Amino acid sequence: MSGYEVNFDGLVGPTHHYAGLSFGNEASTKNKQAPANPKLAAKQGLLKMKALTALGLKQGVLAPQERPHVPTLRQLGFYGDDHQVITQAMQVAPDLLSALSSASSMWTANAATVSPSADSEDGRIHFTVANLNNKFHRSIEHTATSAILAATFKDERYFVHHAALPDVELFGDEGAANHNRLGGAYDQASVQVFVYGQQYLNGNIKPKKYPARQSLEACQAVARLHQLDERKTVFIQQNPAVIDQGVFHNDVIAVSNQQVLFYHQQAFLYSEKVLGEIYQKMAMLGQEFIAIEVPEQRISVANAVSTYLFNSQIVTRTDGRMSIIVPEESRQNQAVWGYLNDMIDMGTPIDEIQIFDLRESMRNGGGPACLRLRVAVNEQEYQAINPHVLMNDQLFDRLNGWIDQFYRDRLVQADLADPMLFIESRTALDELTQILGLGSVYDFQK
Ligand code: SUG
């Protein structure tokens with residue numbers, strides 16, 4: 001098979017903690033104020049990257065962001081030197097300091113939407129960073145995300161970077177967590193499937209309890225920016241009833257790889273119609289569409305949300321068969337584990353299950369698929385990626401040692417004003433930009 005899917009995982013930042021910041025994401029709400037272990041979180045993520053490399057897959061790393069974000073604290077009226085800014089914020093508004101210290105950029109499925117070159121009229125890979133404007137703590141990510149992506153995908157002959165969409169609800173955009181590519185080889189034309197939670201202009205079906213973070217209007221804007229062909233693009237509304245049960249991104253209830261779409265029966269509104277559209281559009285490309293629908297009677301939406309079965313990664317190994325990468329929580333649930341074992345005998349291309357302990361991230365609502373941004377590339381494009389961010393044994397050892405040097409094994413909100421944490425984090429990130437050959441991507445480096 002030609003072309004590659006490269007997974008870019010977010011490295012967990014040194015201020016990882018549980019702040020209960022994401023209304024609608026039930027794990028985040030439930031674990032508010034629980035003690036976190038940033039060192040373990042970063043190592044769990046790094047081990048997943050290493051294991052995928054060992055499977056013969058291409059794997060990259062995206063650097064974490066600088067937190068607490070002092071420029072935003074200043075914008076909110078805190079003043080003095082950096083230490084005074086942080087101390088005042090802790091005294092007056094500890095929850096704000098917590099939000100601006102979140103390590104949420106680890107979930108790189110929300111960093112951007114990425115379209116492969118084979119689908120864009122100008123034959124380049126397009127990236128649109130997500131504005132993430134539904135949550136304050138995530139709305140500040142896109143500036144640094146842009147800098148990090150630009151330092152990773154530099155060559156303008158192959159890569160185009162678009163700024164975030166206007167920062168209003170009408171264009172709420174959560175990136176690749178609501179986007180799937182369905183097709184054959186990774187460097188050939190595919191059908192791009194955009195999933196939205198709500199249509200703002202002329203739409204009326206929306207969730208009642210929790211917010212719909214992604215708008216149809218944002219999906220359409222991204223499709224235009226990426227110069228996609230409407231004959232190969234599908235827009236699907238997520239079932240609002242599942243958003244109200246904690247499915248805050250589509251990747252909590254559906255995942256794709258090549259011709260395979262693995263999804264829950266309740267995932268989409270007007271499911272039959274939209275799946276028919278994908279089927280037809282795939283057929284036009286000469287591709288078979290393999291839909292694996294999990295019935296509600298086998299796995300409830302509640303079980304799907306608590307185990308993150310669909311937040312798995314389905315990856316194609318070098319032998320052409322597929323593995324499903326699931327979180328440990330999926331093994332611990334009888335209905336889900338039973339289904340997974342039946343599925344690998346069903347005759348679909350998926351014939352292996354790999355399990356990962358990602359508990360630190362899971363407790364904030366981030367499973368295997370949340371932690372990765374997929375970039376489908378051809379050989380030339382692969383060669384043009386900044387080689388320092390590509391995972392191998394040397395980089396693994398280096399990053400593992402770097403985590404040991406700088407990360408704490410316990411963090412709670414009260415620690416966020418500790419001046420030593422601030423110094424440790426900055427020193428760590430400064431060194432990381434050298435390890436990953438990124439140049440100056442952080443505000444404190446400018
Ligand atoms: O945006 N959690 C993230 C989890 C993102 C998961 N990503 C995907 N499904 N692709 C979010 O809700 C919680 C932070 C806290 O509460 O401390 C948080 O931001």
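The legends below describe close-up views of a predicted model.

Residues are numbered from 1 along each chain as its sequence is written, and side-chain values use heavy atoms, with hydrogens and water left out. Because the model is predicted, local features need pLDDT of at least 70 and side-chain atom pairs count only at pLDDT 80 or more, whereas totals for chains, interfaces and linings use all residues.

**View 1. Strands E9, E10 and E11 form an open sheet with mixed pairing.**
Helices (H or I, at least four residues) and strands (E, at least two) are DSSP runs, numbered from the N terminus. Two strands pair if DSSP finds at least two bridges between them. The order in the sheet is E9-E10-E11, with E9 (254-257) and E11 (290-294) as the edge strands, each pairing on one side only. From one strand to the next the twist averages 10 degrees; axes are lines fitted to C-alpha atoms, for helices over the stretch in contact, and angles run from 0 to 180 degrees between N-to-C directions. E10 (residues 260-264) pairs with E11 in the parallel sense over five bridges, and Tyr-263 stands opposite Glu-293 in E11. Helix H13 (residues 334-343) packs on the sheet, where it touches E10 and E11, and its direction makes about 155 degrees with that of E11.

**View 2. The largest nonpolar core has 85 residues.**
A nonpolar core is a set of buried Ala, Val, Leu, Ile, Met, Phe, Trp, Tyr and Cys residues joined through side-chain atoms within 4.5 Å. Buried means under 20% relative accessible area, exposed over 50%, and partly exposed in between (1.4 Å probe, protein chains only). Phe-8, Phe-268, Ile-278, Ile-385, Leu-399 and Trp-402 have the most contacts inside the core. Helix H16 (residues 393-406) contributes the largest share, six residues. Another core, of 20 residues, lies apart from it and includes Val-260, Phe-262, Ile-292 and Val-336. In soluble globular proteins, nonpolar side chains tend to be buried together.

**View 3. Strand E13 (residues 322-327) is mostly covered, with six of its six residues buried.**
Met-322, Ile-324 and Val-326 point one way from E13, while Ser-323, Ile-325 and Pro-327 point the other way. Strand E12 (residues 313-316) pairs with E13 in the antiparallel sense over four bridges, and Ser-323 is the bridge partner of Val-315. The hairpin of E12 and E13 has five residues between the strands, and Gly-320 in this hairpin takes a positive phi near 90 degrees. Strand E14 (residues 350-356) pairs with E13 in the parallel sense over six bridges; here Gln-354 is the bridge partner of Ile-325.

**View 4. Asn-110 makes side-chain polar contacts with Arg-138 and His-249.**
Asn-110 is in the loop between helix H5 (94-99) and strand E3 (112-115). It counts as buried because its relative accessibility is 2%. A polar contact is a pair of N or O atoms within 3.5 Å; within protein, one must be able to donate a hydrogen and the other to accept it, and residues adjacent in sequence count only if both atoms are side-chain atoms. The distance is 2.9 Å to Arg-138 and 3.3 Å to His-249. Contact in general means heavy atoms within 4.5 Å. Leaving aside neighbours within four places in sequence, the residues in contact with Asn-110 include Ala-130, Leu-132, Glu-174 and Ala-177.

**View 5. Gln-198 lies in the loop between strand E7 (190-196) and helix H8 (216-225).**
Gln-198 has 12% relative accessibility and therefore counts as buried. Its side chain makes a polar contact of 3.3 Å with the side chain of Tyr-200. Not counting residues up to four places away in sequence, Gln-198 touches residues including Lys-206, Ala-212, Gln-214 and Gln-237.

**View 6. Backbone geometry at Pro-68, Tyr-270 and Tyr-308.**
Most residues other than glycine have a negative phi, and most peptide bonds are trans. The peptide bond from Arg-67 to Pro-68 is cis, with omega near -5 degrees; Pro-68 lies in the loop between strand E2 (58-62) and helix H3 (70-75). Tyr-270 has a positive phi near 50 degrees and lies in the loop between E10 and helix H10 (271-284). Tyr-308 has a positive phi of about 60 degrees and lies in the loop between helix H11 (301-307) and E12. At 54% relative accessibility Tyr-270 counts as exposed, whereas Tyr-308, at 4%, counts as buried.
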